[in-house]
Amino acid sequence: MRVNFTVNGRPQEADDVWEGESLLYVLRERLGLPGSKNACEQGECGSCTVRLDGVPVCSCLVAAGQVEGREVVTVEGLADFAKQRSCGTGACGTAEGQDSQTGEGTGSSPRAALSPIQQAFIDAGAVQCGFCTPGLLVAADEMLERNPNPSDADIREALSGNLCRCTGYEKIMDAVRLAAARQGEAV
Amino acid sequence: MDFLRPASWEEALAAKAEHPTAVPIAGGTDVMVEINFDHRRPEYLLDLNRIGDLYEWEVGEESVRLGASVPYTQIMENLRAELPGLALASHTVASPQIRNRGGVGGNLGTASPAGDAHPALLAAGAEVEVESVRGSRRIPIDEFYTGVKRNALAPDELIRAVHIDKADGPQQFSKVGTRNAMVIAVCAFGLALHPGTRTVRTGIGSAAPTPVRAKAAEEFLNAALEEGGFWDNGEIITPSVAKQFADLCSAACNPIDDVRGTASYRRHAVGIMARRTLTWTWESYRGTAAHTEGVA
Amino acid sequence: MPSPTFEFAQAGGAPTGTPTKITQGSQTKGGIGESTLRPDGTLKVTGEFAYSSDMWHEDMLWGQILRSTVAHAEIVSIDTSEALAMPGVYAVMTYDDLPTEVKNYGLEIQDTPVLAHGKVRHHGEPVAIVAADHPETARRAAAKIHVEYRDLPVITDEASATAPDAILVHEGRDDHHAGHVPHPNIVHRQPIVRGNADEAARKADVIVRGEYTFGMQDQAFLGPESGLAVPEEDGGVHLYIATQWLHSDLRQIAPVLGLPEKKVRMTLAGVGGAFGGREDLSMQIHACLLALRTGKPVKIVYNRFESFFGHVHRHPAKLYYEHGATKDGKITHMKCRIVLDGGAYASASPAVVGNASSLSVGPYVIDDVDIEAIALYTNNPPCGAMRGFGAVQACFAYEAQMDKLAAKLGMDPVEFRQLNAMEQGTIMPTGQPVDSPAPVAELLRRVKAMPLPPERQWESSEGADVRQLPGGLSNTTHGEGVVRGIGYAVGIKNVGFSEGFDDYSTAKVRMEVVGGEPVATVHTAMAEVGQGGVTVHAQIARTELGVTQVTIHPADTQVGSAGSTSASRQTYVTGGAVKNACELVRERVLEIGRRKFGSYHPAWATAELLLEGGKVVTDGGEVLADLVDVLENESVEVEEEWRHRPTEAFDLRTGQGNGHVQYSFAAHRAVVEVDTELGLVKVIELACAQDVGKALNPLSVLGQIQGGTLQGMGIAVMEEIVVDPKTAKVRNPSFTDYLLPTILDTPIIPVDVLELADEHAPYGLRGIGEAPTLSSTPAVLAAIRNATGLELNRTPVRPEHLTGQA
């Protein structure tokens, strides 16, 4: 079957989709967007979290056919999404101009501006293997959108659907607190 | 596999009539796991996402008509006052991402004894509105669960909504899992006080082949409360009454040993939860308790 | 954006101790000792970092593995004809299709069939492989392969493995352990005898005994086994893979394919965690076989269900311990017997046995010991490497024993441990002296001195916040039945490969001028699995070469082996290799400088010269030349192997031998709240103190300690692969029923870092990755015992164990 939907603001069309395919598979294998991760494919880890019409969901549990005509935001579009949101609130440009001191890198792709939550994850040491990171970023960004001043318990509850095996979550807590603090200063 | 995308409820009923083996998919939180893990290859998937009616709820005089696909997140956030037991249960469902997709219709359709909504629905009193091209009917929740992962639906029927009595007294829900979030119930317990009828109702999850009520426990407690004049005098329920109620709730279980817990533990834990939720609801009824409902 | 005022909450604060003094590079920004940020951080937060499951190739096929549905059976027949006939299927292969006489692989013992032959020995063993144009086509084809099994009795424990008429899991063993094991169903046995335990026992005023059970833990790395094999024009294959050790994979893969190693090119793809679970091969050979058979690129990605069958797990164990002590609290002796279940194939079992036995006394002074550790062959899932590697199981048991002894003596459990704590100079039961700092008593003191978290935190003005209580969101208690408990534990882990293994790493370092700036390039085959080795390598290069720009070359087999990313060894050994190569590059750069500029300044000949900030400077700080001018168009490159001090094998009868190169120590204090009626546990705090020798990157050190701590908590209260004892089949291969701690289960983890230099190691550093995984588990168990008064001899502890309903 064919599925038409919007991903990170761009219309996309996927053809010859097998009816049992998940949104996650279509993103990763058909649209060249492997940022959403395939860690459990049973809704028990949150690594594939995307926003479907604004709502965080596990893309592994959305049938591809169910996204027809709908809007999806993935980790690849998170920086733009955050930028547009801050423009909407009159705080344009806060996502730009941050140097993360990660210069030396193994990759050669030009650095896109990062969203505040992405930058905070790097700065706080919340990234190790990084496989849980995309899902956590999408979930944490959405929580900070709803709740700019979360308590620790609020952060833990909002991220309780995202497993991390490397960090012991302490640096993830630090990262979200850091992003919230920076967000508070920017407004 | 074929993917059917009805744009309206009528189209969905027609599709289900034409393909009775079609598997409805709404939140996808059960169906997609089975597909991803190759446990199931239905001939037809019947997508219900486009049917807006299923995502709506109406608060009436006596009851709430809850669309089958209203996500648990919405129940938690918007129906806390009307459906406190179900709101608490909704908050224990899996993870925020799953609560954003899953709804009560899915729990009822799957009819797993571990579904989190069941004990709350049993305790509150509910009717399941189902429909086919042949017509619509309401199935009382007590008659809905017919076996392990089996329900009273005919092959051509779809779940449209659940009608749940609005709370006329305190309700509680409690669930044991071996993790503090994102966990399937080892066992669960729902309790609702109905001061209007001077009755209590219970619901037990994951401790029998189907979700069940502890009817003997309810009858015992109804009689004890009546006899002691508790509904009127608002006195503390005596420990011996609470204990017997808890023991009868344990006795209502017919659990198995499985990878999530032992049968013996399930009976034990249901008893503890029964006693605690009775204490919480009764304290709330007496109006003496300071906010003990937990967060929902 | 304004500079943040936010401060990271870190109890314990900055590292303390006596770290190694650094002179070279101490002025250069971003060197060792700084919390520089990950070079791959940006790619990882934008979703661009390419993990092994993200690999994609034009025209690629999907591989699928058919696995056994039973644990132990003869294969009567395999019929692939129906699968082969399916449209979209390009290849179906079984044992009979393997191209050479080499049909087995294995880390140490080559006992693992690439595809099952004649029989299957565990649930989920690979039987056939399929390549097709879509994963669903491949799955359907695999389902059409008809395998007829004839069931065999299952070996599931020591009794069934060593029964007189026991069926042999492996017939005709000829491996190098076969000769000294008491039964062919025992992979390896290592006794250690020192002093005379029986005689010493007579001096004991109290004796405690215990029988302990340790459950099967899964590494549960989040990135499932996956990779892409691309056939190459020369008849070889290029494999993009997530692994812990490229060259070990290569050594096992090439012979099965019938290719020389140089025709099997391997590049490390992004690795989504490892923790020991990628030490063994998973889909590597299968993907290469299908790629070579079809002439097309083949991608294989396990799903989570398959991942539980696709890698080895932590050995479950039975541990029998006896300790004695005098009235004044000195331990007299220890006897123990550790039975590890290795499952159907050897994997790392022999080395795990060596660790379990040699570290079975823990970080204590006990002169008279009688120790035996064995690993079994059974039909349970194969077990091998996981963070902590044999030392974890032992620590769980000996720390329970310490508490029992202290209780029996009426002593404080921490003081009792301190009284018996080892220190530098202590002789291990293997006869090896501990020749670097061993601050066991100090770590315990520090962890005990940390402030305790406040009690009854769940009580707020708005009522109970259930998120802070046992049961969490499930709303099981509002404080009823909740009792606090506190427990302590300390552990000892060896660092690096032991027992005479030639444990080396290779580093290639190049220095040249790029775009008018001196740039160093570091190329190793080290598997970055998340630990931050790439961050540390860049820091070492900056420190040793005085440059700011460092490029980390992707890890591949175009450079020599870097050994495994395991055994807490990479910063020590590959870090040491990078340091060594940098030093050699520095010498050559200075040679060039002397040649070009020596005549202009006498200091070139007389002073000690350093590279700092892109310049050659004297140790007095005088600038002699710019590196840009020294190098001009020249590049200096060195590839060199580097080894830590050699170790020795343990004697097979007495266990004596200098088997280990370094030890690592951590201590934990656990604070738990237990709902004693429902048996639910909330771990409130897991405070850790660890000696790291030298924190090359303090932020990464904290990440390792906190991550390891939580994995230890997981096996204490929830994580366990449950195997049916009647069928040897896995009952919970999913994240629904194999539970990892969520962020709501996670305690605060304050860390106190101590830096006592080990003069034998680069920069005085100590391998750190595993030690925190050891003591975390027994500390949590001790705290639960403290809260409940129960004995609790098994881990994980489940609600039914705490309520008498097991």
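**Close-up 1. Buried residues of helix H10 of chain B in the predicted model.** Six names make up the buried set: Val241(B), Ala242(B), Phe245(B), Ala246(B), Cys249(B) and Ser250(B).

**Close-up 2. Helix H10 of chain B from end to end.** The helix runs over residues 239–251, 13 residues in total.

**Close-up 3. The contact between chain A and chain C.** Chain A contributes 68 residues, and chain C contributes 79 residues. The two chains bury about 6100 Å² between them. Carbon and sulfur atoms supply 58% of that area.

**Close-up 4. A salt bridge between Arg28(A) and Asp54(C).** The closest N and O atoms of this pair are 2.9 Å apart. Between chain A and chain C, the salt bridges number six. Polar contacts join 27 residue pairs across these two chains, counting pairs with both residues at pLDDT 80 or more.

**Close-up 5. The side of chain A that touches chain C.** Five helices of chain A each give two or more residues here: H1 (23–30), H3 (116–124), H4 (133–146), H5 (152–158) and H6 (170–186). H6(A) gives the most, with 10 residues. By residue class, this side of chain A holds 27 nonpolar, 20 polar and 21 charged residues.

Terms used: Residues numbered from 1 in each chain as written. Chains lettered and ligands numbered in written order. Predicted model: local features only at pLDDT ≥ 70, side-chain atom pairs only at ≥ 80, totals over all residues. Heavy atoms only, no water. Helix = DSSP H or I, 4+ residues; strand = E, 2+ residues; numbered from the N terminus. Expected span 1.5 Å × (residues − 1). Buried < 20%, exposed > 50% of the residue type's maximum accessible area, 1.4 Å probe, protein only. Contact = heavy atoms within 4.5 Å. Buried area = accessible area lost by both parts, 1.4 Å probe. Salt bridge = Lys/Arg side-chain N within 4 Å of Asp/Glu carboxyl O. Polar contact = N/O pair within 3.5 Å; in protein donor to acceptor, adjacent residues only side chain to side chain. Nonpolar A, V, L, I, M, F, W, Y, C, P; charged D, E, K, R; others polar.
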